[in-house]
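Hi,

Here is the structure I promised to pass on. Have a look at it first, and then read on for what turned up.

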Amino acid sequence: MAIDRDYAIVSLQEYEPQLWTCINCFCGLCVESCPVFIEGRNEVGAARGMAQVGLALLSGELELADLTDDLVYACTGCRWCEWNCSLNTPLYIKRTGTRRTKVSGATMAEIFRSMRAEEGQVPTQVRDALNNLANVGNPFGGSKQTKDKWVADLGMSMEKTDTILYVGATIPYEDRATKMAEAIVDVLKAAKIDVGMVGSKEMDSGAFAMMMGEDGLFAEMTEHNEEIIKNQGVRQIICVSPHDYDAFTAYYPTLDGLEIKHYTQLFLELVHSRRIKFTKRINKRITYHDPCYLGRKNDIYDEPRKVLQSIPGLELVEMDKTRETAYCCGGGGTGLFYELPKIKMNMTRADHAKAKNVDCIAVACPICLQMLDDGIKSRNYNIEIKDIGQLVREAL
Amino acid sequence: MEAVQECIRDITKGIGEEKISVDKPTRIAHRITHGPEALLHEDLGDFTPAAVVRPRTTEDVVTIVKHANRYEIPLIPQGGRTCTYGAESMRDGIVVDTTSMNEILEFDEEALRIGAQAGVRVVDYIDYLAKRGYMSLEFPTMNRASTLGSRASISGYNKFENRWGGSRDHIRGLEVVLANGDVVQVGRGSSTPTKSVVGLDMMSMFIGSRGTLGIITKVTERFIPTPPAYVYGIRAFNTIEDALRTYMELRSPINAGVIWRAKAYHKWLLSQAVKGSMEVEWPDDVVMLVDYHILGEPDVVEATKKHAEAICKEHNGFWRDDMPPTDFVGRMHETMEKYMGMAALQSERLVTGGMGNRIVPLDPQISNKHLINFYKDFLVFLKRLEDGKSYPRLSRSLRVLSPGAPVPGEEGWTKVWSLTLANWKQFDKTTIQEFKSWFREYAELVWRHCGSLTGTHGFVPREMEIEFIKREVGETGYELMKTIKRALDPKNIMNPNVKF
Ligand SMILES: Cc1cc2nc3c(=O)[nH]c(=O)nc-3n(C[C@H](O)[C@H](O)[C@H](O)COP(=O)(O)OP(=O)(O)OC[C@H]3O[C@@H](n4cnc5c(N)ncnc54)[C@H](O)[C@@H]3O)c2cc1C
Ligand code: SF4
Ligand code: SF4
């Protein structure tokens, strides 16, 4: 299927006005808190740097081969630059701004990655993840049988249901992410929510393919998922991962009319309707890490916090970089699969939590969970990482 | 091997390879600035440096400078590159990116002094003080990308200039690495006990030097406790005379202790701004607005507010229902502080989704005695830019956003802060030539009114800079500057394309 123009990765040529817009302005507001800049101290990886590189590619002053992996694969798509950019004023967004016309470092990185993909110049780790996505629908290459068995063991229905829990491509192939999903399932069962799953038919929502610059593969995955969702008669999708939530809400035009929620939104409703009732206390000092794809990308800041605050005994403290200015865990873009030596966002974020003297970091994303767990371990801090699902289950 | 490559090799050995980049994308990413100079060059390759170094300590800077001195390689210090000129790089030069020198070093609540590395972003510095109940006097609109070192280097303009003066008035000490690698502490409050009464006032020499005399590595500034009360007021006027007289009275030294800021806005800006952002037609008879900010103890603020209103009334100030609510300029400022985006708001981007414009700022400093006449002549000059006859090519690529918002400069002087917007893609050879002629005409107009071209950080095209400095300070004044430059930097390695 040819991908709908609105959803395809924009070409460098089409994006030229935004590149000019940026270098005309040159305010640099995108630089100082870009996590790629903070980690590597090199502006070339921030939006203003990439805009100049983009124009130099267009003029022929640079060739694709001049762009190192450090430049092409460092951006995690955290959208800090897009949110902060001088030229993406709310008025502009309202009048003429679209995903294709906002000035965004994330878009520039996607363009460079798709150019690399076209030339077949993709790093091994990214290529392997892409091949796995194409072959089995998940980046780890886990088998379909494993997923079906996992769903069956949980006692979840794979038949037609109104509401499905969309666990995404990392589950059940990564232990920590799997435990997170199991906790969410337990909470839903305790709240007596009738929810099913699609099992091995469920492929990645396309979020991974898009972030890796493969919009052809992205198109295949969205087509496949749309068909399954329609065939199964689904009316509501509850997403475990903010990346899937974002993909479904932003890139699936035919799902219009379907209700799509992140699980923390549903949890808050269940707390309000008292279908989630807490019987235990969690007497801990906990900070919440905003996932970029839930926060800056989709403006969901309060629901996860409110769920946490409703747990008896739990003391919620904010890190200095929080909500709109939250720091990325490093797992977006290709960060989960392809480590770059200079980029250690998960450790930096662990430092932010440590500075607040917390017992635990609460997350709401399977990627943040893995990244921050690794960050804490590398730093050897005595801090737990738990998903909100796990904390809620603990307090039931 | 070329000298520059040998120099890069030695610097790499000295500071470590993680602090230097020689790849082409990074060099391209560091070549230009926010300023208009790049508009006047068809080949940006002229600006591409040979390397970008990122020192973290004064010792790193010393190592870099010593090697550059030995090989006679130009060094271009850069902060956030938001200046109107001076941080552009050059072929075969080495960029010294100071933004990794970002530690606050000393904080003295007794003496109200704070010392920081030169690459600390102004926003972080302001936050640091605010969290402790203090207020930064360093307060440019662009605070999120600009650095403390560059505030000294450009002699910055600050929000409450009327009360507290510019960066030169609150910087108390500097640490500078000179072209031979020596480190000097100049000014009061630096870690070495230097006093202005002993010897010469060396610090002033570095303020406004734009990296031509040395690389600033540390800045010490004064700060104040946050004042408890604040009020804002704004009035409209039907004539330029009434508005500018009000502005001059509000900002006069007799009120400057409590009226921290006063500013005037012309309808040329206002009509574009409110139409673009609020879809409101600006009433044509309202020619100018004047606003003021009063800070201090609550009773003093209250009394001064009455006094300020009396001044406005005396000059026929008013507000009417057909105008936006009185807080709209404040809101415009907030939007601008968040988005830096007057240019963004007013570009074709907003209307058609096309590209934004490059700001070409002019900020002549005019004596208050000449202000009203200058302002009227300036409006005529700017209208000629847009009439299509005087500068046919330029008028297609450059237009006026603000014909000048007068704000206080030195006592008795006013900075007429004006903005034009350029369409960079259309700046071809002919347009560039017309731009230069237009700029000369502008300079002559300013000098006719006994003004100076750069109130604080205004732009001057590089090829005219020396000629224009001589016009303003005289041949002898310029020779004195050059003697100092030669003494401190005999090989001319410190930002050599600027001033000398
Ligand atoms: C939207 C907008 C609003 C602005 N508002 C204001 C304002 O209110 N007031 C004001 O004063 N300016 C303002 N400016 C201009 C600009 O922000 C200031 O000039 C600022 O101080 C530049 O800081 P920077 O770190 O970006 O310096 P750069 O542009 O990187 O450098 C400026 C100059 O300083 C030199 N330099 C930098 N660091 C050092 C160092 N450590 N040692 C020696 N030389 C050095 C550079 O070589 C260059 O000549 C504004 C700019 C924009 C875009
Ligand atoms: S999306 Fe985030 S990581 Fe990528 S360039 Fe923007 S701020 Fe940097
Ligand atoms: S904030 Fe936006 S316009 Fe400003 S330099 Fe960054 S990307 Fe460019």
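For what follows, a salt bridge means a side-chain nitrogen of Lys or Arg within 4 Å of a carboxyl oxygen of Asp or Glu. By that rule there are 51 salt bridges over all chains. Keep in mind that this is a predicted model.

One of these bridges is in chain A, where the side chains of Asp351(A) and Arg379(A) meet at 2.8 Å, N to O. Asp351(A) sits in helix H16 (residues 345–354) and Arg379(A) in helix H17 (residues 366–379), so the bridge ties together parts of chain A that are 28 residues apart in sequence. Asp351(A) is partly exposed, at 26% relative accessibility, and Arg379(A) is partly exposed too, with 32%.

Over in chain B, Glu241(B) and Lys376(B) form a salt bridge whose closest N and O atoms are 2.2 Å apart. Here the pair ties together parts 135 residues apart in sequence, because Glu241(B) belongs to helix H9 (residues 240–250) and Lys376(B) to helix H15 (residues 371–386) of chain B. Relative accessible area is 24% for Glu241(B), which makes this residue partly exposed; Lys376(B), with 32%, is also partly exposed.

Salt bridges can share partners as well: Glu174(A), Arg176(A), Asp373(A), Asp374(A) and Lys377(A) are joined into one network that way.

Arg91(B) forms a salt bridge with Asp43(B), with 3.6 Å between the closest N and O atoms. The two are 48 residues apart and link distant parts of the chain: Arg91(B) is in the loop between strand S3 (75–78) and strand S4 (94–97), and Asp43(B) in the loop between helix H2 (24–29) and strand S2 (51–53) of chain B. Arg91(B) counts as partly exposed at 45% relative accessibility, as does Asp43(B) at 40%.

Lys192(A) is in the loop between helix H10 (175–190) and helix H11 (207–211) of chain A, and is exposed, with a relative accessible area of 67%.

Lastly, chain B as a whole. Its secondary structure comes to 18 helices and 17 strands, and 62% of its 500 residues are buried. The C-alpha atoms fill a box of roughly 70 × 60 × 45 Å along the principal axes. The radius of gyration of chain B is 23 Å, which agrees with the value near 23 Å that a compact globule of 500 residues would have.

Cheers

Technical notes. Residues numbered from 1 in each chain as written. Chains lettered and ligands numbered in written order. Predicted model: local features only at pLDDT ≥ 70, side-chain atom pairs only at ≥ 80, totals over all residues. Heavy atoms only, no water. Helix = DSSP H or I, 4+ residues; strand = E, 2+ residues; numbered from the N terminus. Buried < 20%, exposed > 50% of the residue type's maximum accessible area, 1.4 Å probe, protein only. Rg over C-alpha atoms; globule rule 2.2 N^0.38 Å.
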